[in-house]
Amino acid sequence: MASKPAPQQRKPLIAGNWKMNLTHFEGIAHVQKVAFGLKDADYEAVDVAMLPPFTFIRSIQMLVDADKLKLVYGAQDVSPHEKGAYTGEISAAMLAKLGCTYVLAGHSERRQYHHEDDTLVNAKVKAALKDDLTPILCVGEGLEVRKAGEHLSHTLAQVEGGLQKVPADQAQRIVIAYEPVWAIGTGEVATPEDAQEVCGAIRTRLAELYSGDLADQVRILYGGSVKGGNIAGIMAKPDIDGALVGGASLDAGEFVKICRYRELPV
Ligand SMILES: O=C(CO)COP(=O)(O)O
């Protein structure tokens with residue numbers, strides 16, 4: 001399962017997770033700077049996505065539509081519920097109506113600070129799929145689990161948990177992001193070999209759960225302290241199809257550099 005299909009089959013995705021940063025005013029300027037830095041050739045080579053806080057999405061939709069920008073956008077979370085008395089929640093239908101393409105499900109910060117478990121993450125994945133959003137299912141182990149050598153079983157259990165009862169025709173369009181918690185915001189990036197080990201194992205598990213064909217289509221991203229200086233080595237690995245970028249996505253120049261990883265030395 002280690003062979004990388006032709007690029008048209010798995011187009012790389014570079015997604016910027018802004019987390020809880022910037023005001024919507026700053027966010028608009030930031031999108032403009034990134035869009036200004038990217039050329040048509042970049043969009044042909046990679047899909048570029050921005051995942052701002054909910055409150056910016058309308059502004060970004062208007063900017064993207066008005067200027068016909070080729071980047072896409074999405075949200076950092078979604079309610080598992082369709083609609084109703086769920087104060088403070090944002091539904092998949094609301095996000096779809098705002099033109100969102102992607103939504104994160106199960107980011108480690110949601111799992112940690114909001115006690116999201118695999119059952120809830122699974123419900124979010126299904127809610128997103130129902131409204132034709134592409135969920136980016138986030139998985140990855142903490143430092144203790146890695147030290148215990150249980151990173152594969154831990155992460156694969158999260159993949160299985162997140163995909164419970166998701167049929168193949170829907171699973172084939174999801175994205176999975178492997179984000180080892182010990183590498184998030186720490187400056188400590190996983191080595192390309194460490195990232196490949198887990199991303200390759202995820203693909204193998206997808207083949208077991210569904211089929212080899214499906215596993216070959218699903219994009220698997222790496223996330224955790226990705227920067228211009230380390231992206232090329234990570235992207236050179238056969239089972240890594242892009243990156244989920246946190247801190248570096250807030251720096252337009254750095255994010256553009258990451259999107260142009262193919263011009264950087266490995
Ligand atoms: O959590 C992440 C993206 O979702 C990674 O964050 P950093 O790139 O800041 O380590």
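This is a predicted model: local features need pLDDT of at least 70, side-chain atom pairs count only at pLDDT 80 or more; totals for chains, interfaces and linings use all residues.
1. On describing helix pairs. Two packed helices are described by the angle between their axes and by how far apart those axes are.

2. Helices α8 and α10. Helix α8 covers residues 151-162 and helix α10 covers residues 192-209; their axes lie 10 Å apart, at an angle of about 45 degrees. Angles under 35 degrees would count as roughly parallel and 65 to 115 as roughly perpendicular, and α8 and α10 are therefore oblique to each other. The crossing of α8 past α10 is right-handed.

3. Residues between α8 and α10. On the α8 side, the contact is formed by His151, Leu152, Thr155, Leu156, Val159 and Glu160, and on the α10 side by Glu197, Val198, Ala201, Ile202, Arg205, Leu206 and Leu209. Sorted by class, the residues of this contact are 8 nonpolar, 2 polar and 3 charged.

4. Helices α6 and α8. Helix α8 also packs with helix α6, which spans residues 118-130; the two axes come within 8 Å and cross at roughly 50 degrees. That angle makes α6 oblique to α8. Asp118, Asn122 and Val125 of α6 make the contact with Ala157, Gln158, Gly161 and Gly162 of α8. The residues here divide into 2 nonpolar, 4 polar and 1 charged.

5. Helices α1 and α3. Helix α1 (residues 24-37) and helix α3 (residues 57-66) have axes that come within 10 Å and cross at roughly 30 degrees. Angles under 35 degrees count as roughly parallel, so α1 and α3 are roughly parallel to each other. The crossing of α1 past α3 is right-handed.

6. Residues between α1 and α3. From α1, His24, Ile28, Val31 and Gln32 meet Ser59, Ile60 and Leu63 of α3. This contact has 4 nonpolar and 3 polar residues, and no charged ones.

7. Which residues are around the ligand? They are Asn17, Lys19, His107, Glu179, Ala183, Ile184, Gly185, Gly224, Ser225, Leu244, Gly246 and Gly247.

8. Backbone atoms at the ligand. Ser225 places a backbone N or O atom 2.7 Å from an oxygen atom of the ligand. For Gly246, a backbone N or O atom is 2.9 Å from a ligand oxygen atom. A polar backbone atom of Gly247 is 2.8 Å from an oxygen atom of the ligand. Polar contacts are pairs of N or O atoms within 3.5 Å. When viewing the site, look at the backbone of Ser225, Gly246 and Gly247.

Notes
Residues are numbered from 1 along each chain as its sequence is written. Side-chain values use heavy atoms; hydrogens and water are left out. Axes are lines fitted to C-alpha atoms, for helices over the stretch in contact, and angles run from 0 to 180 degrees between N-to-C directions. Helices (H or I, at least four residues) and strands (E, at least two) are DSSP runs, numbered from the N terminus. Angles under 35 degrees count as roughly parallel, over 145 as roughly antiparallel, 65 to 115 as roughly perpendicular and the rest as oblique. A crossing is left-handed if the near helix is turned anticlockwise from the far one by less than a right angle, and right-handed if clockwise. Contact means heavy atoms within 4.5 Å. Ala, Val, Leu, Ile, Met, Phe, Trp, Tyr, Cys and Pro count as nonpolar, Asp, Glu, Lys and Arg as charged, and the others, Gly among them, as polar. A residue is near a molecule or strand if one of its heavy atoms lies within 4 Å of it. A polar contact is a pair of N or O atoms within 3.5 Å; within protein, one must be able to donate a hydrogen and the other to accept it, and residues adjacent in sequence count only if both atoms are side-chain atoms.
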